[in-house]
Amino acid sequence: MTPKICLGTAQFGLNYGVTNQSGKLSEKEIKLILLKCNNLGINFIDTAQAYGVSEIVIGRNMPKDNKFEIINKLEDQNILNKESNPLNWEKSFQKSLKRLNKNSINSFLLHNPSNLVGANKDLLLNWLISLRERKLIKRIGVSIYEAQDLVNLPLKEIQVVQLPFSLYDQRLLKDGTINKLYKSGIAIHARSIFLQGLILQNKKFWPDFISNNLKKHHNKTTKAFSLNKISMLEAAMGFAYKCSFIESFLVGVSSLIEFDKIITTWEDLQSNKAYDLNYSIFSWNDKRDLDPRLWNKN
């Protein structure tokens with residue numbers, strides 16, 4: 001099965017992305033992007049309560065009669081607060097539905113999977129299950145960074161896992177995590193397929209906290225694809241196209257022009273059946289370069 005595109009919307013509400021020089025998208029661009037998604041059948045829309053005004057602008061600019069399947073995430077502070085309880089979580093969730101102009105959503109994820117093994121784990125899980133039973137959500141999910149994040153989780157109650165995955169970041173494929181999830185019937189949503197845009201940029205524009213070794217690797221990779229007349233956008237999306245075990249992959253955009261390029265590239269890949277390449281040779285294993293949580297600590 002060919003993976004589906006999921007529109008990432010962090011840039012709708014935040015100045016998100018290490019390579020993002022233009023900040024938040026204008027509401028005019030957001031409206032046009034959502035309209036194009038609807039017309040193209042791109043139904044997965046990923047957002048989060050923590051993404052600034054993202055929920056608001058999505059709800060305000062949704063096309064009529066859209067079939068969008070929203071994936072949302074519960075903000076950490078709503079769980080970690082000492083006064084946190086199902087009543088407050090419910091209030092927060094209902095507020096999100098109202099902002100998104102939806103009666104229900106496809107998936108509700110936890111930003112931090114450790115919340116399902118913490119002090120409020122039973123309360124939290126039972127409340128999430130109640131959302132599903134009341135048909136307010138179809139699926140419960142978690143967002144992870146590494147395999148360790150899945151330890152001791154109630155995987156039988158989880159239907160979606162969002163994880164980092166890209167041409168350079170193949171760690172969860174190589175260590176068997178993705179295969180384990182796939183065989184368990186858990187949907188896999190890949191994020192950071194462009195590594196916050198780094199894969200698409202010349203290394204000379206990369207921030208200093210990315211290692212010189214990865215910069216050299218990126219330079220060699222870019223040249224290797226260039227010899228075959230393949231852009232890095234085509235390479236990154238060609239890799240995703242080949243991964244039939246993924247239900248969807250997130251693409252964040254910082255402009256309407258960027259969105260159009262991604263769509264055109266994806267359509268070309270489907271027409272040309274992608275590239276018959278050994279993508280594993282382009283992987284990188286140093287998580288200090290791959291995990292955004294560590295970038296400012298290098």
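This passage describes the overall form of a predicted model and then several of its residues.

The model is predicted, and local features were considered only at pLDDT of at least 70, side-chain atom pairs only at pLDDT 80 or more, while totals for chains, interfaces and linings use all residues. Residues are numbered from 1 along each chain as its sequence is written, and side-chain values use heavy atoms, with hydrogens and water left out.

The chain contains twelve helices and eight strands; these are DSSP runs, numbered from the N terminus, with helices (H or I) of at least four residues and strands (E) of at least two. The C-alpha trace spans about 60 × 40 × 35 Å along its principal axes. The radius of gyration of the chain is 19 Å, in agreement with the value near 19 Å for a compact globule of 298 residues. This radius is taken over C-alpha atoms, and the globule rule is 2.2 Å times the number of residues to the power 0.38.

Of the 298 residues, 51% count as buried. Buried denotes a relative accessible area under 20%, exposed one over 50%, and partly exposed the range in between, with a 1.4 Å probe and protein chains only. The chain exposes about 14700 Å², of which carbon and sulfur atoms supply 48%; accessible areas come from the Shrake-Rupley method with a 1.4 Å probe, and for residues only the protein chains shown count as cover. Among contacts (heavy atoms within 4.5 Å) in the chain with a separation of 6 or more, 76% join residues 24 or more positions apart.

There are 41 positive and 28 negative side chains, and the centres of the two sets lie 1 Å apart. Lys and Arg count as positive and Asp and Glu as negative, whereas His and the chain ends are not counted. Each charge is placed at NZ of Lys, CZ of Arg, CG of Asp or CD of Glu.

A search of the whole structure finds zero disulfides, a disulfide being a pair of cysteine sulfur atoms within 2.5 Å. For Cys6, the nearest cysteine sulfur is that of Cys37, 9.2 Å away. For Cys243, the nearest cysteine sulfur is that of Cys6, 16 Å away. Cys6 is buried, with a relative accessible area of 0%, and Cys243 is also buried, at 5%.

Cys243 also takes part in the surroundings of Pro3. Pro3 lies in the segment before strand S1 (4-8) and is buried at 3% relative accessibility. The C-alpha atoms of Pro3 and Cys243 are 7.1 Å apart, although the two residues are separated by 240 residues in sequence. Not counting residues up to four places away in sequence, Pro3 touches Ala240, Tyr241, Cys243, Ile246, Glu247, Phe249 and Trp266.

Glu90, in helix H5 (residues 86-100), is buried with a relative accessible area of 17%. Beyond its neighbours within four places in sequence, Glu90 is in contact with Trp127, Leu131, Arg134 and Leu136. Glu75, in the loop between strand S3 (69-74) and helix H4 (77-80), is partly exposed at 22%. With neighbours within four places again left aside, Glu75 contacts Gln49 and Ala50. The C-alpha atoms of Glu75 and His111 are separated by 6.9 Å, and the two residues are 36 residues apart along the chain.

Positive phi values in residues other than glycine include those of Leu195, near 50°, and Lys229, near 60°. Leu195 occupies the loop between strand S7 (187-191) and helix H9 (212-227) and is buried at 3%. Lys229 lies in the loop between H9 and helix H10 (232-241) and is exposed, at 77% relative accessibility.
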